[in-house]
Every structure is written in C-alpha cells, then in structure tokens.
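Let's take a walk through this structure, one piece at a time. Keep the picture open while you read.

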Amino acid sequence: MNIVEADRHLTVLDLDELELEPGAPEPRGRIEAHARRCGACAERRAAHAALVAQFRVSVLPRTVELVTARRRDRLRPGWWAWLAVPVAAAVLLLVTGRHRTGPPVGDGADSALGVKGGALFEVFARRAGAGFDTDAPTVVRVRDGMRLSPGDALRFVLFPSGLPYVLIASVDGAGQVNIYYPFHGEESALTSRQGAISVPGSIVLDAAPGPERLFVIYSARALRASAVRAALAPAAAAGAPAIRGTREAPLEGTVQSSLLFEKEEAR
Amino acid sequence: MDPDRLTELYRRYGPAIYARCRTLLADESAAEDATQETFLRVQRHLDRVPSAREALYWIYRVATNYCLNELRSRRGRALPQADLADLPETTSEVIDAVESRLADQDLARRLIARARPNVRMVAWLYHLDGFEQEEVAAIVGVSRRTVATRLAQFSSNARKFIRRSAA
C-alpha cells in the first residue's frame, strides 16, 4: 500500500525518490502539482535540488577517490595494528628527542623528520570560470608540478600522520609565505580525528605568477606561525628555483609533506 | 565489491546522503565527512536493495543516527533563553503551546538534540522531516506502536523542559 496521500506535503523521501528515479511519472506529477500549490514545499524542493547539485559539482569530484581509499583501508583490519608500533615509536622518539634537545618546536633547529612524497594530504582545485551550471569537470586533483590559474580555488584533504597538530603553509612566486590552515592562524590546529579531514573553506589563487609550494606540517605540539614563516623565509627570498627545490621546512620534530604547482599568468 | 561498482553507488546515492547530512548538521565540512562515513556504512546494503525506497530507508536510518550523534557530541551549549522568553505565562497555556512550538524548527532541533538516543531519530523523522508514523516505523525498523510511544515520550519531556525553562 502506498501510504503517501495524494496531496500531503512533500517529504525528503519524495524528493530523493524523484532524484533517483526521474523517469517515474507518478511521483513527478504529484510532486510538481503539489509544489505549484504549496510555496513552502516549492522552497523545500529548490533547497534540496541545490544540495544535490552542490554534491555533484563540488563534493563528488573531491571525495570519490577518498571514499574508495577509505573502504580499501577498512578491508585491511590488520594494518593499523602493524602500523601502531612504528607510529608509537616515532611519536615517542619525537617527544623524547624534543625534551632532550631543549628548544621548543619551531625555533629553527634543523633536524626535521620529513616524509617525502608521503600521502599526508591531497589538494583539489576548482578551476576558475567553471560554474555550477555546467556539466564539464570542474574539480581536479592537483598533482606535483601541475599548472594552475589565478582564480582557481584549492581545497585540502588531510590524512593522519600520527601527530596531533597540523599547519598548512605555502611559499609563492611573489616571495610571500602564507598560512593557509588555520587560515591566517597564529599556530597549528589540533586535529583529534582518526580519519581523513576535509579542511573547511578554500584558497583562491591570486594573480602572482610562478611556482608555489605547499607544506603540510604535522607536529607533536602547536607550531607558531611566526616560526614557520621564519623557516620558509630563505626559500621565499631565494626565488623560483629555491621554491621548486625546497621540499621541507627546517623545523624540528615535524612530519611534513609538500606539493608544488605552477601558477600561470592571468589571461 | 569492485571499486567501479563502489564509485557507481557513490554517484547514485551520494547526493541523497549529502542532502540528508547537510540538512541535519547545517555544516558543509561536517556534512562531507558524515556523507563518506554514512556511505561506507551502508554501501553493502545499497548494492543489494531491490528498490530506491528501500535504499533511502537505509540511508535515512544510518545518516540520521550518525548525524544526531554528531550533534549530540557537539552539544553543551545551553538553550538560549531568548528562544523561550515569549512563552505563555500559565502552565496550561504552556502545555497547549508545546505542539505548536515544535513547528518552530530551530526549537525542535534543540529539543531533539537533548532527547534519549532511541527517541531522537523518531522525533526528527516525525517532527522535522514530516514523515507519517508508518513511514518512521519503516525507516527505523520498529513497529508503529513503538514510534507512537517514543513520540509521546518526546512530547512529554519537551513539555517538562519548556515548562521548566519558562518558570
């Protein structure tokens, strides 16, 4: 028995069923007839359609590979146990090492612990000029050395490193050091979650052309943004070759990953 | 399940899951996380269900439960007194006003977030989503009588809470 009455208000089930089976004439006719008579339901329908479009255009391209990877990880129940020992050992080493060496994290000591090319983060770019009303692919995963344009919007997905604090910085072609996460923050953010984190908000690229290198820096305790800026300042001052060639910031007790992109001239 | 099939299911059902999570959590980033988590929890069922409706029932059950737990863990914020300041002055008027007050979605959200776990989902589906009791029963996987009992518990506790707040 269909328990949905002919002229009841629209529920989320009506809207989702219509989305999943757009060819079914009965629900479409009933929903459209009701939405013509009921302003509140017409609004609800429009809001629902906007969320569906947002998922398809913005969320899906960024997360589809992430979902596949997360499922793959869940199918390997033993790997966390194997990983736990070296991660715990590394954390212990970092903590005890810092206590022994004395200076706080981020004071420019040069014994950085880097993870080169490690999958600690991924970057996705929404290409400038692509709108919500197009079916063309608008979001791409940024690979090392990729060319991007002014106006492209970047979003970051972070993967756990075993260390609780994270900061995302960049050095751009204009010689600027930028703190992207926490955006314009004073120090690293605490990340208590186990799984991947989609960093809120996006960074829109400006018109300064040339290379820009991103640094994701994990640490056992909060890093001061000023210390990160100081550590990256030499590379920023040395110009494009140094930006391309510097893969980690000289910061003690950190786990880092880096990615380079090249910003094109504005057209 | 091979990765292509998983991707196909995510493309098909992701929009419904995301819309659900976004509505419940009112936060874009949290909704993205919740969408992935919900999808990973229900993907095996989505691969087997015979109809879109049954798939949606799974989605609503898992997503609603997950998101309400998220809201619960975020809670700790007191109910703003301004929301309740203009309640009627006598107790009987307060009681009469509760049901209509639940039409105030913001207040209903706050009250639902305070409810016991087995009541929360039923109250949300009924008061905020507008499902009939039979539909709530089908989604949650309990009898209609159980739904009615839980809704009565919710209304009773909501009355007590509003009466206390208005006192």
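Chain B has an average pLDDT of 79, and 79% of the residues score at least 70; pLDDT is the predictor's confidence in each residue, on a scale from 0 to 100. Residues 76-98 of chain B fall below 50, and beyond near neighbours in sequence this stretch has 22 contacts in the model. A contact here means that the C-beta atoms of two residues, placed from the backbone, lie within 7 Å. Where pLDDT is low, the predicted coordinates should not be read in detail.

This is a predicted model, so local features need a pLDDT of at least 70 and side-chain atom pairs count only at pLDDT 80 or more, while totals for chains, interfaces and linings use all residues. Residues are numbered from 1 along each chain as its sequence is written, and chains are lettered from A and ligands numbered from 1 in the order in which they are written. Chain A averages a pLDDT of 75, with 73% of the residues at 70 or above. In chain A, residues 77-118 have pLDDT below 50, yet the stretch has 53 contacts beyond near neighbours in sequence. Residues 130-137 of chain A are also below 50, with five such contacts. For the model as a whole, the scores are ipTM 0.79 and pTM 0.53.

## Two chains, two builds

What is chain B made of? Eight helices and zero strands. Chain A, on the other hand, has six helices and eleven strands. Both kinds of element are DSSP runs numbered from the N terminus: helices are H or I with at least four residues, strands are E with at least two.

Of the 267 residues in chain A, 31% are buried, and for the 167 residues of chain B the figure is 37%. Buried means that 20 or more other C-beta atoms lie within 10 Å of the residue's own; 12 or fewer makes it exposed, and anything in between is partly exposed, with C-beta atoms placed from the backbone. Now take the contacts with a separation of 6 or more: residues 24 or more positions apart account for 76% of them in chain A and 61% in chain B.

## What sits inside

The largest nonpolar core has 54 residues, and Cys21(B), Ile59(B), Ala63(B) and Cys67(B) have the most contacts inside it. Such a core is a set of buried Ala, Val, Leu, Ile, Met, Phe, Trp, Tyr and Cys residues joined through C-beta atoms within 7 Å. Helix α3 of chain B (residues 52-74) gives the largest share of this core, eleven residues. Setting aside neighbours within four places in sequence, Cys67(B) touches Cys21(B), Leu24(B), Leu25(B) and Ala34(B). There is also a second, separate core of 41 residues, which includes Phe121(A), Phe124(A), Leu167(A) and Ala220(A).

Over in chain A, look at helix α1 (residues 12-20): seven of its nine residues are buried, so this helix is largely enclosed by the rest of the structure. Among those buried residues are Val12(A), Leu13(A) and Asp14(A).

## Where the chains meet

27 residues of chain B are in contact with 27 residues of chain A. On the chain B side, the elements giving two or more residues are α1 (3-25), α2 (28-46), α3 and α7 (133-140). The largest share, twelve residues, comes from α1(B). By class, this side has twelve nonpolar, five polar and ten charged residues. In this scheme Ala, Val, Leu, Ile, Met, Phe, Trp, Tyr, Cys and Pro are nonpolar, Asp, Glu, Lys and Arg are charged, and the others, Gly among them, are polar.

## A bent helix

Back to α1(B), which bends by about 50 degrees at Tyr13(B), with a proline, Pro15(B), following within four residues. The bend is the angle between axes fitted to the seven residues ending at a residue and the seven starting there. Although α1(B) has 23 residues, its end C-alpha atoms are only 28 Å apart, short of the 33 Å that a straight helix would reach at 1.5 Å a residue; that expected span is 1.5 Å times one less than the number of residues. Just after α1(B), Ala26(B) has a positive phi of about 55 degrees.

Arg109(B) is in helix α5 of chain B (residues 105-114). Is Arg109(B) buried or partly exposed? Arg109(B) counts as partly exposed, because it has 15 C-beta neighbours inside 10 Å. The C-alpha atoms of Arg109(B) and Leu24(B) are separated by 9.0 Å, though the two are 85 residues apart along the chain.

Ser143(B) lies in the loop between α7 and α8 (144-166) of chain B. Ser143(B) is exposed, because 11 other C-beta atoms lie within 10 Å.
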